[in-house]
Each structure stands twice: as structure tokens, then as C-alpha cells.
Amino acid sequence: MNGIIWLASYPKSGNTWLRIFIENLFRNTTAPAPINEINIVRYGDGMRSLYEQVAGRPLALMTDAEIHQLRKPAQEFLATRRETMLVKTHNALQVHEGAPLIYLEYVAGVVYLLRNPFDLVVSFADHYRLSHDDAINAISSPFNRTVTSEQAVFQILTSWSDHYRSWFAVEGLSPLLLRYEDMIANPMKSFDRFMRFLGVPRNPERLRRAIRNSDFREAKRQEKRSGFKERSHAKQEFFRAGKVGGYRDILTEQQIGRIVDAHGEMLLKQGYIARDGRPKV
């Protein structure tokens, strides 16, 4: 079946890690795949070059409204390739200014990556060069979005909770949920679920090799040696800590409480907090 399998997530939820795993899984080589040569999932719906290819001209003089109208032809282009395309997105699944961000007629499947917002907000702040308080405000705002830049077109993020809800509220759409924390704690189980979702024949040795070759420490070593072309800023460290619970050494109790206040219902539903509001991660 042709179409797009979306790798959907809020920013800093493990999307890049999953894409590196996919590269190593399909290359199936002894040596780790270079992180700057991710070719299996080579498209994201924020890629400026994709829209320029569809438009047939540079985007420099185009408004965001004009760029937004290119989403449908861009997704049609991806969906009508000879093979099913795995494509990254940080967009919420909703309508923006009268037109969808994601066109359901081109969807072949969805993998949704979820990460607890306590750790996420620390990475989010570093990535977008925000204070932790401003990052907490951003991931709690229904109006959170990125801006069009020289590398990417704008994406509509909404809040952390609303982003998840948008992808799981569509009748007939059943995303595969991968939790970042489970990917860390039990990568064999998590990535095996992903392989079965894709229909890849079960092969434990191939799976172990792909997990080993896409290990966070390996990605960090490669970035230190060769850089990473997906950095937002040249001096930025893209692969930072990657561990679960690191926020406890960084965020204040007040900041943690603000996240709980903003996302309590979703945090409880996903098992990230106890009923008394205390974090469980």
C-alpha cells in the first residue's frame, strides 16, 4: 500500500532516535550508520526543500499562508511514490486557517512518540534557546508553533497535551504509541513492536544490532566527531543527556508544579504522575 506512515511527535520526544534506528535496521550492517546519512526517513513535512520542489521555485518571497497551501501537493508527492514513505512530523493533526496540516487521504499509518513533558521541556528549552520558564509556557500554549526559517517551514505544535489528543482523536486512525521511557527501559520490546507494525519479519539478532548501532551514546560520539546537520544552531549539542528523570536535577519544584497544573489530566492518563500529582518518572 502506498501512502505516508507518519512518525509524529512533539519536538524532542525521540523522533530523531527512531529515525536513526530505522536507518540501522534497514541497512542491517555491522558498523553503525552515519547519523548525517539518514536516507530511509529522508523527508519531514517541515523540510523547506520539499516545498520548493513542489512549488518549483524558492520560498523566499512566499508568505506562510501560501506555503501552507503547498502542504497538500507536498503530501501527495510523498504518498504517490512507488513505496510507502516514512515521514517525520511535529505538526498537530488539525486544521490551520481552513486547511489541514495533515491530509488523511494520504495516510497509510501513524507512529506516535510520546515523552514525559518534565524531561522534554529541558531539551525543548535547549533546542529553541529558551529559558525553562518560557519553555514551560510554550509547551502549555494551544498557540505554540515554530516559524519559517532558512531550513524549515512553520509547524503548528499546540500544547503537549493537545498535540497527543489531536493524533488520537481521529475515528479510524489507530497510531502505534511508542513511549520514550519504554524505549529506554526495554528497547527490545519497544522496537520489536515497531518492527511488527511495519511488517518487518522478526529477527532478534538484526533487532539487537540495530538497537546497538543507534544507541544514544553512539549518536553522541558521532556528533562530537562529525557534527550533526540537523542542529538548529552550529554550536548546539543535539544529543544531550537522553536519560529519563534528568529534569529532577534541573527544574525547580515550582516549575514541575506548573507542568502538572497545565497537563495533569494527560499526565495521569499516561502514568507520568500519581493521583496526588507527584511525578512517577
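Mentor: Contact here means heavy atoms within 4.5 Å. This is a predicted model, in which local features need pLDDT of at least 70 and side-chain atom pairs count only at pLDDT 80 or more, while totals for chains, interfaces and linings use all residues. Residues are numbered from 1 along each chain as its sequence is written, and side-chain values use heavy atoms, with hydrogens and water left out.

Trainee: Which residues does T89 touch, not counting residues up to four places away in sequence?

Mentor: With those neighbours set aside, T89 touches W6, L7, A8, S9, N15, D45, I102, Q155 and W167.

Trainee: What makes T89 count as buried?

Mentor: Buried means under 20% relative accessible area, with exposed over 50% and partly exposed in between (1.4 Å probe, protein chains only). T89 has 0% relative accessibility, and therefore counts as buried.

Trainee: Why are α6 and α12 called roughly parallel to each other?

Mentor: Angles under 35 degrees count as roughly parallel, over 145 as roughly antiparallel, 65 to 115 as roughly perpendicular and the rest as oblique. The axes of helix α6 (residues 132-139) and helix α12 (residues 253-269) cross at roughly 5° and come within 10 Å, and α6 and α12 are therefore roughly parallel to each other.

Trainee: Which residues meet where α6 and α12 are in contact?

Mentor: From α6, the residues H132, D133, I136, N137 and I139 meet Q255, R258, I259 and H263 of α12. The residues of this contact divide into three nonpolar, four polar and two charged, where Ala, Val, Leu, Ile, Met, Phe, Trp, Tyr, Cys and Pro count as nonpolar, Asp, Glu, Lys and Arg as charged, and the others, Gly among them, as polar.

How values were computed
Axes are lines fitted to C-alpha atoms, for helices over the stretch in contact, and angles run from 0 to 180 degrees between N-to-C directions. Helices (H or I, at least four residues) and strands (E, at least two) are DSSP runs, numbered from the N terminus.
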